[in-house]
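Subject: Structure handover

Hello,

Please find the structure below, followed by notes on what was found in it.

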Amino acid sequence: MPLPSQLTRTQSPEMDPLRLGTGWKLSDLSKPQILIESTFGDSHPGSVHLNTLVEEARKGVQKAGGKGARYYCTDICDGESQGTDGINYSLASREIIADMIEIHANATPFDAGIFIASCDKGMPGNLIGMARADIPSIVMPGGTMSAGPELLTLEQLGMYSAQYQRGEISEERLNWAKHNACPGCGACSFIGTASTMQIMAEALGLALPGSALMPAESPDLLAFAERAGEQAVKLAYMPDMRPSKLLTKESFENAILVHAAISGSTNCLLHLPALAHELGIEINGDTFDSLHRNARYLLDIRPTGKWPAECFYYAGGVPAIMEELRPYLHLDVMTVTGKTLGGNLDDLKENGFYERCGKWLADFNTRRNLSLKKEDILRPYEKALGTDGSIAILKGNLAPEGAVIKHTACPKEMFHVTLRARPFDSEEECLDAVLHHRIQKGDAVFIRYEGPKGSGMPEMFYTSEAISSDKELGKSIALITDGRFSGASTGPVIGHLSPEAADGGPIALVEEGDLVEINVKERKINLVGAAGEHKTMEEMQEILAKRRANWKPKQPKYKKGVLRMFSEHAASPMKGAYLEF
């Protein structure tokens with residue numbers, strides 16, 4: 001059977017001359033044609049180096065007898081837009097990246113694809129776009145940056161900034177942190193959304209085993225990119241090795257167990273459901289909650305752990321985690337290698353992968369004057385850091401569809417509390433109140449109208465950091481929002497409340513002085529009182545019904561452009577905030 005690209009040549013007589021004019025050789029026209037997508041651009045450290053990987057992948061394609069075509073859709077940086085209205089574009093950009101990949105792949109058919117990305121929306125945007133293209137494909141993760149001096153990593157900047165604004169550190173110390181937190185290229189060196197989604201790509205079986213979250217400056221990363229190019233040409237002749245065939249409910253279950261083991265970003269609850277939706281598979285918050293219960297949390301890496309993310313690879317990466325979880329995984333799922341997950345894990349043991357990782361760990365110890373062992377970074381299953389996963393989905397009269405908390409990053413004192421409600425209709429108002437001590441112990445600060453339909457669902461990063469870095473507030477108040485958090489966020493923070501305020505969800509009805517009960521163990525979040533007085537659940541339902549009768553929706557924040565489209569069509573956060581038409 002001829003490859004799709006060859007059929008297109010017979011249908012479109014313009015194809016050959018246009019490609020010859022692009023610089024293709026006559027001999028290239030009959031080769032397997034491989035789409036090489038990347039988020040390369042000068043947008044941030046996670047994408048600035050990706051063209052190097054593109055060229056290595058293209059070299060691998062050529063080596064295997066194919067022709068690689070480079071396409072680009074640069075992503076934005078959540079960190080650079082943090083604290084500005086620019087962050088409102090972040091989640092919407094995931095959809096636009098997926099849209100452009102769909103267009104690239106379908107306007108001119110290709111035989112296979114390579115998808116190269118590193119960061120928060122670039123990686124999930126590529127995964128979703130890859131699912132829509134549905135050609136035999138492979139993901140090449142862009143790796144992680146090294147830590148700075150004193151093992152400084154970017155997620156600590158929120159803490160330094162809050163400390164400076166409270167007068168606890170000097171401007172000189174703040175500037176030192178700013179100037180040293182990003183010493184090179186790659187995704188930020190902690191288990192934030194970027195790192196989580198690189199790991200998810202491999203855990204789903206879409207990337208070469210051992211390729212996720214490698215140090216971006218490692219020569220091993222270049223070798224993996226070349227191998228990805230070679231494998232893409234092989235996949236071109238294997239039509240069943242496309243996302244719709246590879247990705248199953250079992251593949252997603254494997255990935256979610258890995259998510260629990262790494263204490264992955266809560267933003268993964270937006271991205272995996274959105275990817276699954278493209279394939280007709282239902283994954284939602286309840287799926288995460290059920291799989292995280294009794295799951296093991298193993299990875300001692302920031303923000304909930306101790307070490308920078310470059311240590312992930314030194315400890316054996318995703319394969320090492322999967323070996324610890326092996327009895328609980330679906331080992332018979334197929335992967336882009338053409339082998340099962342179990343077969344891949346066996347191969348890695350035999351080809352010296354873990355020995356190479358150990359050498360990199362020894363080199364890291366020498367450079368940093370440390371004596372880390374693999375077990376210090378990745379705990380054995382029987383010595384897990386936690387035994388109930390890392391996230392929980394809370395439900396109740398405040399969040400009928402659910403809300404998410406990363407309980408591994410939450411102080412134990414906040415696992416079962418009743419707090420006073422302090423509602424704010426924007427993050428700016430709330431942050432000002434926190435920094436100027438208008439928030440007291442026992443308060444539950446609400447930030448609402450920040451969900452997908454409200455404002456694009458930005459991160460509440462600075463407010464969460466201002467709270468978690470405060471020695472008093474960090475263990476005595478909670479932040480509750482229909483917005484989301486950075487993958488770097490820690491502390492007593494609960495997000496993704498659904499339905500959101502803009503949709504008339506209960507969070508829109510909260511008033512000053514309401515009493516809020518949070519019970520992480522029982523997975524509950526309820527309004528249990530009004531005006532400081534406890535009420536029965538029936539009484540609260542009556543109170544909320546009266547408030548709802550008087551509630552009026554706000555005027556849309558955006559009247560034109562991408563964010564208007566996103567706010568009009570975004571699904572619930574608990575479904576993945578994909579666009580519904």
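Predicted model: local features only at pLDDT ≥ 70, side-chain atom pairs only at ≥ 80, totals over all residues.

The volume of the largest pocket is about 680 Å³. Its lining counts 38 residues, and those closest to the centre are Asp-78, Gly-79, Glu-80, Leu-154 and Cys-188. Five helices each contribute at least two residues to the lining of the largest pocket: H4 (78–81), H7 (157–165), H8 (171–180), H9 (193–203) and H22 (461–468).

The second largest pocket has a volume of about 530 Å³. Of its 30 lining residues, Tyr-449, Glu-450, Gly-454, Ser-455 and Lys-557 are the closest to the centre. Helix H20 (427–435), helix H21 (452–455) and helix H24 (561–569) are the elements that give two or more residues to this lining. Sorted by class, the lining of the second largest pocket holds nine nonpolar, nine polar and 12 charged residues.

Annotated domain

The UniProt record, an unreviewed entry, carries the annotation "domain: Dihydroxy-acid/6-phosphogluconate dehydratase N-terminal" for residues 31–342.

Helix packing

Two packed helices are described by the angle between their axes and the distance between the axes.

H7 and H8, which both supply residues to the lining of the largest pocket, have axes that come within 10 Å and cross at roughly 165°. Angles over 145 degrees count as roughly antiparallel, so H7 is roughly antiparallel to H8. Their crossing is left-handed.

Helix H16 (residues 317–325) packs against helix H17 (residues 341–350) at an angle of about 115°, and their axes are 11 Å apart. H16 and H17 are therefore roughly perpendicular to each other. H16 passes H17 in a left-handed crossing.

Backbone details

Which residues are joined by a cis peptide bond with omega of about 10°? They are Arg-302 and Pro-303. Pro-303 sits in the loop between helix H14 (285–292) and helix H15 (310–314).

Another cis peptide bond joins Ser-498 to Pro-499, with omega of about 0°. Pro-499 is placed in the loop between strand E10 (493–498) and strand E11 (515–519).

Glu-150 is not a glycine, yet has a positive phi of about 60°. Glu-150 is located in the loop between strand E4 (137–141) and H7.

Regards

Note on methods: Residues numbered from 1 in each chain as written. Heavy atoms only, no water. 1 Å grid on protein atoms, 1.4 Å probe; cavity = no way out; pocket = protein on both sides within 12 Å on 5 of 7 lines; lining within 4 Å. Points joined across faces, edges and corners; volume = space filled by probe spheres on them. Helix = DSSP H or I, 4+ residues; strand = E, 2+ residues; numbered from the N terminus. Nonpolar A, V, L, I, M, F, W, Y, C, P; charged D, E, K, R; others polar. UniProt positions renumbered as here; feature names shortened; annotations may be inferred. Axes fitted to C-alpha atoms, helices over the stretch in contact; angles between N-to-C directions. Parallel < 35°, antiparallel > 145°, perpendicular 65-115°, else oblique. Left-handed = near helix turned anticlockwise from the far one by under 90°.
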